[in-house]
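Look at the structure first, then read the points below.

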Amino acid sequence: MKEICADEITKVVENLCVDACTKLGKDWWQAIDDAISHEESPLGKEMLQIIKENADLAASTGEAICQDTGMAVVFLELGQDVRITGGNLYDAVNEGVRRGYVKGYLRKSVVEDPLMRENTGDNTPAIIHVDIVPGSDLRIIVAPKGAGSENSSALKMLKPADGKEGVLKFVLETVEATGPNACPPMVIGVGLGGNLEKSALLAKKALLRPLGERNPIPHIAQLEEEILELVNMTGIGPQGLGGRVTALDVHIEVYPTHIASLPVAVNIQCHAARHAEAVL
Amino acid sequence: MTEIKTPLDSEVVDNLKAGDRVSLSGVILTGRDAAHKSLVEAYTAGQDLPVDLRGQVIYYVGPCPAKPGKVIGSAGPTTSTRMDPYTPLLIRELGLKGMIGKGNRSQQVIEAMKEEKAVYFLAVGGAGAYLAKRIKKAEVVAYPEFGPEAIYRLEVSDFPLIVGIDCYGRNIYEEGKKKYRRMPSNA
């Protein structure tokens with residue numbers, strides 16, 4: 001049994017919040033360069049170059065890439081041979097978020113009651129998902145998620161008869177409905193199967209996969225390519241101003257589902273595809 | 001590139017066309033969901049407003065806190081459509097002339113813009129660090145209790161914008177999308 005101290009988790013989460021909001025991954029830099037070279041619209045190309053310049057500036061100055069530093073979505077893959085000592089796991093994560101958002105001069109964007117809407121002042125609580133996995137490591141992923149793209153997301157319980165065509169149509173409808181609002185070029189996370197909440201969680205997790213990587217199931221990988229091609233034919237383009245690059249990538253995650261169900265969740269991510277991780 | 005200074009008048013607005021590149025300098029105000037709601041509630045209740053919007057431009061932004069020695073933190077536009085329910089009143093009754101944001105606007109907002117000659121500018125969404133560099137001064141002038149949603153008075157210099165919707169209702173999003181759309185006929 002490996003012991004991990006709650007304080008250590010807090011420290012790691014604190015740093016991951018700052019890192020995620022100021023630095024994008026290697027896969028993102030490759031994807032934005034590819035987008036710049038593929039974009040046909042001069043204005044679209046210019047928008048992509050500004051997006052890249054902004055990311056450069058954020059990484060070098062430590063300013064947030066985007067002022068919407070989001071709600072902190074924290075994924076924990078907790079090895080079953082790990083024992084947390086010196087405090088409560090959820091408290092440790094929230095304390096890390098609290099400190100990280102102060103340390104990084106990040107915006108506090110959480111309201112306590114959805115209807116009364118008073119800011120909690122410290123960006124907590126985080127949204128925490130825990131998976132128990134084999135082994136004795138704790139993998140922590142912090143994925144701050146802004147509301148512009150989150151509000152553009154949607155879920156639908158399709159009929160099995162709707163099939164692949166139905167999935168394609170729903171993803172396209174969702175993208176067309178949001179257009180410029182989600183700060184394209186976007187990343188599209190799709191959760192297919194499971195039930196209502198499982199599909200939503202799969203869609204969110206799909207956003208964590210490195211850009212350019214395909215689902216290992218061949219026909220799902222093919223569907224990803226097909227959706228990406230269609231989305232990039234909509235003409236929405238960078239910032240919605242018209243162009244070829246509406247999405248940087250489409251990732252689909254699947255799970256077995258009920259004989260009567262075909263749930264599909266579409267989680268839209270803006271161009272600032274932020275996530276950072278560490279393993280304890 | 002058209003260089004303009006705030007405050008705006010109908011003549012300046014009249015000359016701006018959808019798709020124009022604009023470099024804006026001068027004083028602008030920030031405002032987003034909570035500030036819009038409060039302004040409209042105060043106006044409806046017949047109370048004095050904390051800011052004068054005549055000829056003004058509102059930037060839909062909730063900035064990050066400023067680091068020591070900096071004017072402001074990351075400060076890009078938020079999605080404008082959330083302000084749509086409040087905007088026609090701000091244009092018609094309070095004299096608002098310009099807005100800076102990202103994304104589509106409602107038909108009601110566009111109608112008010114056409115009637116009163118107001119303009120909707122776009123700033124690059126998700127380019128908060130890039131845009132913050134063009135903000136030279138920032139102070140909270142109303143609703144400090146709203147935190148990032150307070151109304152700030154900003155002084156900007158060569159703030160890079162695109163005219164998104166002009167006072168004739170022309171919309172750069174619609175035109176740009178149409179130009180690059182290549183959907184197969186069965187999709």
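B:Arg182 has a relative accessibility of 39%, so it counts as partly exposed (buried is under 20% relative accessible area, exposed over 50%, and partly exposed in between, with a 1.4 Å probe and protein chains only). Its side chain meets that of A:Glu40 in a salt bridge, at 3.8 Å from N to O (a side-chain nitrogen of Lys or Arg within 4 Å of a carboxyl oxygen of Asp or Glu). The model is predicted: local features need pLDDT of at least 70 and side-chain atom pairs pLDDT 80 or more, while totals for chains, interfaces and linings use all residues. Residues are numbered from 1 along each chain as its sequence is written, chains are lettered from A in the order in which they are written, and side-chain values use heavy atoms, without hydrogens and water.

**Salt bridge between the chains**
- The pair crosses from B:Arg182, in the segment after helix H6 (172-180) of chain B, to A:Glu40, in the loop between helices H2 (26-38) and H3 (42-61) of chain A (helices are DSSP runs of H or I with at least four residues, numbered from the N terminus).
- A:Glu40 is partly exposed too, with a relative accessible area of 45%.
- B:Arg181 and A:Glu176 also form a salt bridge, at 2.8 Å from N to O.
- Between chain B and chain A the count is 4 salt bridges.

**Salt bridges within chain A**
- A:Glu95 and A:Arg98 meet at 2.6 Å, N to O.
- Both lie in helix H4 (residues 89-103) of chain A, 3 residues apart, about one turn of the helix.
- A:Lys164 and A:Glu226 form a salt bridge of 3.0 Å, N to O.
- A:Lys164 is in helix H6 (residues 163-178) and A:Glu226 in helix H8 (residues 218-231) of chain A, so this pair ties together parts 62 residues apart in sequence.
- A network of salt bridges links A:Arg209, A:Arg214, A:Glu224, A:Glu225, A:Asp249 and A:Glu253.
- Over all chains, a search of the whole structure finds 39 salt bridges.

**The contact between the chains**
- Chain B and chain A each bring 45 residues to the contact (heavy atoms within 4.5 Å).
- About 3,600 Å² is buried between them, 58% of it from carbon and sulfur atoms (buried area is the accessible area, 1.4 Å probe, that two parts lose on being put together, summed over both).
- In chain B, the residues that lose the most area to chain A are B:Lys67, B:Tyr130 and B:Tyr180, together 18% of what that side buries.

Notes. Helix = DSSP H or I, 4+ residues; strand = E, 2+ residues; numbered from the N terminus.
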